[in-house]
Amino acid sequence: MNIQHFHNFYEIFIPLETSTGHLIDGEYNQLNSYDMVLLKPGLLHKSVYPKVNMPQKRIIINFNLGEGIPGLEYELKKLLDIFSLELPIIRFPANIMTEIVQKINDIFQIGKQKHDRWQIAYYAEFIELLWLINKNINLNCYNQDRAIDSNAQKIYYVMDYINHHYSENVSLESVADQHAISPFYLSHIFKDITGINFVSYVQTVRIRNALQMLAYSNNTVSEIIEKCGFTSTSQFNRVFHKFCGISPSDYRKSHTVKKNVLIGVMDPEKEEIAPAAFPPRLSIKGIKKIHQGGNMKVGVRAHDFGPTIPMNLKAKLKEYNAETIQLALHKSFPYMRSYLEVTYEDIEDIKNQNFDISVLGCYIDIAAQNDSKWNNQLTQFEAALRIAKELGAKCVATETSDCTDEDREVQFERVVAALEHLLPIAKKYDIPIAIEPVIRHTINTPDMVSRLLERLNNDEYLKLLFDPVNLLRDDLANNTFSFFEEYISKYEKKFVAMHVKDIIEGERVPLGTGVMAKIYPHIARVLTVDIPLIREELPVDSLKEDLAFIRKTFCGQQVEETT
């Protein structure tokens, strides 16, 4: 991550290359390979690499220890004392570090092989890892080295000042005067060196401390506002929601209850969210260059504008600068009642508008058990494939029918049979079929996606429509970086488009305000294919803001922010 940040879980950071640095609460510390940085929740930090665009190998482990094992709660808590060192950096002798790295490798292998009761072994090995570090802590031989160029050192002094005076008036002018720097020069080099502007950094420090007070103190919200340097309740609520996506009172409710034991592993060099669900994934990887998505088209689901005619739809797309659409003919143009009833004149009318159609929607009951209905549905889809060819659409998409666990196997076979019939027709028209997995449908999980692809021999005309929200479980337990990173790594070469939407408690909300607010930036970083991005399922009230969110998050188009 290119800015100082914090999170509400513990982190162990181990660089595997030399010339790495780490900022901790505004102080720069030089690291050697295999030094260990131990970061507790709420600690502001950032990795510093000599060349940002060069790959840097490192081990990152994120975790939370919750209630623990009855009778051992106190002892388990003591294992975390190492995260409260005055300078939480450890440099062990080579023989000790070799033992620790071997333990990390053992953990990795357990998670990779998944033998019987592997989660218990995983947890036990991880506790032993923490115990090893504690047992040898007296052998820590790290010597603080803050060698850094003079301009950067000035900014780190400024950051350290902000960390200790955030409750006061720390305006750009007052801090510049305090450090004998011109406000213009301070503003310029502050962002160059930290990757974040001065005002945003002050807000980050204040919110970081507010989060700690909300979770671990009995201070009222009014007291916290004063202690953290905010000038009013409205300012505090606005900044808090910007950072956290929820209200301070909701945050306090969700973070003062006891949580289950979790060990999670993600990549905070990208961005943070709650720890990944148990069991964790341990990764050793180089930093991936952020994918800018320069060729991604941003569009809408056409019938979110309501019933219309082709000419008026074209005007709407121009008004909102939407580059592409997902089009379901009978929903946008109700007089075209089904794909079987579309006329030559209808097709010409649509073609005259020169729509860029990324997805032609023909959402049929592809797993219908009634033979008559099933055959009718397949006939509809055949017609949609032909019309897609006429209109220049990139694919025809469908979901795979509502499904219970009891009926899944029967319906799965029906889906396979339908696609075995339709894929030769797709090949004839050179139009791929895109299946959209949905958590309550027949094809609902990564495992079911894999089964479907394997049964159909990974047919080149069988593709996937990626809708992250539709993959979420009701309890949101899989709303984690690791889940989506694994899903994308397995299937992104099959993606033909992506739906972009957001929810809170099952209700659709504007982008950036729901449970996907922190997930989408991470998806944007790990996604390496250029695919159309389709905003869906909301009326036009928030459409301009939603499209701006998509462009900023996925396409590298930055929107000027005011503070």
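Modeller: Let us begin with burial: a residue counts as buried when its relative accessible area is under 20%. The model before us is predicted.

Colleague: Is Phe549 then buried or exposed, and what is its relative accessibility?

Modeller: Phe549 has 17% relative accessibility and therefore counts as buried. Tyr520, at 0%, counts as buried too.

Colleague: How many aromatic pairs does the count give?

Modeller: The count comes to 20 aromatic pairs. One of them joins Phe236 and Phe240, whose ring centres are 5.6 Å apart and whose planes stand at 55°, so this pair is tilted. Both residues lie in helix α9 (residues 233-244), four residues apart, and are thus separated by about one helical turn. Phe236 is buried, with a relative accessible area of 0%, and Phe240 is likewise buried at 0%.

Colleague: At what angle do the axes of helices α13 and α14 cross?

Modeller: The axes of α13 (residues 344-351) and α14 (residues 371-391) come within 10 Å and cross at roughly 40°. The two helices are therefore oblique to each other, and their crossing is right-handed. Ile347, Ile350 and Lys351 of α13 make the contact with Arg386, Ile387, Glu390 and Leu391 of α14. These contact residues divide into four nonpolar, no polar and three charged.

Methods
Residues numbered from 1 in each chain as written. Predicted model: local features only at pLDDT ≥ 70, side-chain atom pairs only at ≥ 80, totals over all residues. Heavy atoms only, no water. Axes fitted to C-alpha atoms, helices over the stretch in contact; angles between N-to-C directions. Parallel < 35°, antiparallel > 145°, perpendicular 65-115°, else oblique. Left-handed = near helix turned anticlockwise from the far one by under 90°. Contact = heavy atoms within 4.5 Å. Nonpolar A, V, L, I, M, F, W, Y, C, P; charged D, E, K, R; others polar. Phe/Tyr/Trp six-rings, centres within 6.5 Å; stacked < 30°, edge-to-face > 60°. Buried < 20%, exposed > 50% of the residue type's maximum accessible area, 1.4 Å probe, protein only.
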